[in-house]
Amino acid sequence: MENSQMEHLQRASPVLASLDIRKSVAFYQDKMGFNKIGWVDDHYAVIGRDKVELHFWKCDNKIFPENTSCYLYVDNVDDLYAELKEAGVIHPNGPLGDKPWGLREFSALDGDGNLLRFGQKL
C-alpha cells in the first residue's frame, strides 16, 4: 500500500439475525461471556466482550440466523474453547483443531442458529 493512501477501514462489527433480541442478549451474556451492553430494545442490540462488538437485528424467519456466520479472531483460543465447551455452545461439527489455512479454530452456535467461528493464527 502506498503511504499516500489513507487507511479508511478500522474495524468491523458483525450484524447477526435474532428471532428475539432480548433472548439473544441474555444468551450471549449467560453462555458466551458478553458483558458490555451498548444498546438493547426489541428491534436491535449492540453488545460486546473484550474488543469485539456484535450487533443484532430482529427478524421473524429462522432461515436468516440459521444461514449466517461470522469469524472472530481471538487470543488464547484453547482457553476460550474450554469456556464455551463448558457452556454447551460448541457446534457438533466444530471442535477445536488446527486447520490447513493456518488457524487453530472452533465453531459455536447461538440460540437462534448463528454460527460463530473463533480462530487464532498458528
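This is a predicted model: local features need pLDDT of at least 70, side-chain atom pairs count only at pLDDT 80 or more; totals for chains, interfaces and linings use all residues.
I started at Asp50, which is exposed at 57% relative accessibility. For my own use: buried is under 20% relative accessible area, exposed is over 50%, and partly exposed is in between, with a 1.4 Å probe and protein chains only. Residues are numbered from 1 along each chain as its sequence is written, and side-chain values use heavy atoms, with hydrogens and water left out.

**Entry: salt bridges**

Which residue does Arg49 pair with in a salt bridge? I found Asp50, with the closest N and O atoms 3.5 Å apart. The term asks for a side-chain nitrogen of Lys or Arg within 4 Å of a carboxyl oxygen of Asp or Glu. Arg49 itself counts as buried, at 17% relative accessibility. Glu83 joins in too: Arg49, Asp50 and Glu83 are linked in a network of salt bridges.

I then searched the whole structure and got seven salt bridges. One of them pairs Asp42 with Arg22, closest N and O atoms 2.7 Å apart. Asp42 sits in the loop between strand 2 (36-40) and strand 3 (44-49), and Arg22 in helix 1 (residues 21-32), so this pair ties together parts 20 residues apart in sequence. Helices here are DSSP runs of H or I with at least four residues, strands are runs of E with at least two, and both are numbered from the N terminus. Asp42 is partly exposed at 46%, and Arg22 is partly exposed at 47%.

I also looked at Lys58 and Asp60, whose side chains meet in a salt bridge at 2.7 Å, N to O. Lys58 is partly exposed, at 30% relative accessible area, while Asp60 is exposed, at 74%.

**Entry: pockets**

The largest pocket is lined by 16 residues, and Asp50, Tyr73, Val74, Asp75 and Leu80 lie nearest its centre. Strand 5 (69-73) and helix 2 (77-86) are the elements that give two or more residues to that lining. Which element gives the most? Helix 2 does, with four residues.

I wrote down what a pocket is: on a 1 Å grid over the protein atoms alone, it is an open set of points where a 1.4 Å probe fits, with protein on both sides within 12 Å along at least five of seven lines, and lining residues have an atom within 4 Å of a point. The volume of the largest pocket is about 420 Å³. By class its lining has nine nonpolar, one polar and six charged residues.

The second largest pocket has a volume of about 160 Å³. Its lining includes Arg11, Lys51, Glu53 and Tyr73. Strand 5 gives the most here, with three residues. Strand 4 (52-58) and strand 5 each supply at least two.

**Entry: the core**

Which residues touch the most other members of the largest nonpolar core? Out of 23 residues, I listed Tyr28, Met32, Leu54, Phe56 and Phe118. Such a core is a set of buried Ala, Val, Leu, Ile, Met, Phe, Trp, Tyr and Cys residues joined through side-chain atoms within 4.5 Å. Helix 1 gives the most to this core, with five residues.

Leaving out residues up to four places away in sequence, Phe118 touches Met32, Val74, Leu80 and Phe106, among others. Contact means heavy atoms within 4.5 Å.

I checked Ser24 as well, which lies in helix 1. Buried or exposed? Ser24 is buried, at 6% relative accessible area. Beyond its neighbours within four places in sequence, Ser24 is in contact with Ser18, Phe56 and Asp112.

**Entry: the whole chain**

Last, I stepped back. The chain has two helices and eight strands, in the order β-α-β-β-β-β-α-β-β-β along the sequence. Its C-alpha atoms fill a box of roughly 45 × 35 × 25 Å, taken along the principal axes. Of the 122 residues, 36% are buried. For contacts between residues at least 6 apart in sequence, I noted that 48% join residues at least 24 apart.

Technical notes: Grid points are joined across faces, edges and corners, and a volume is the space filled by probe spheres set on the points. Ala, Val, Leu, Ile, Met, Phe, Trp, Tyr, Cys and Pro count as nonpolar, Asp, Glu, Lys and Arg as charged, and the others, Gly among them, as polar.
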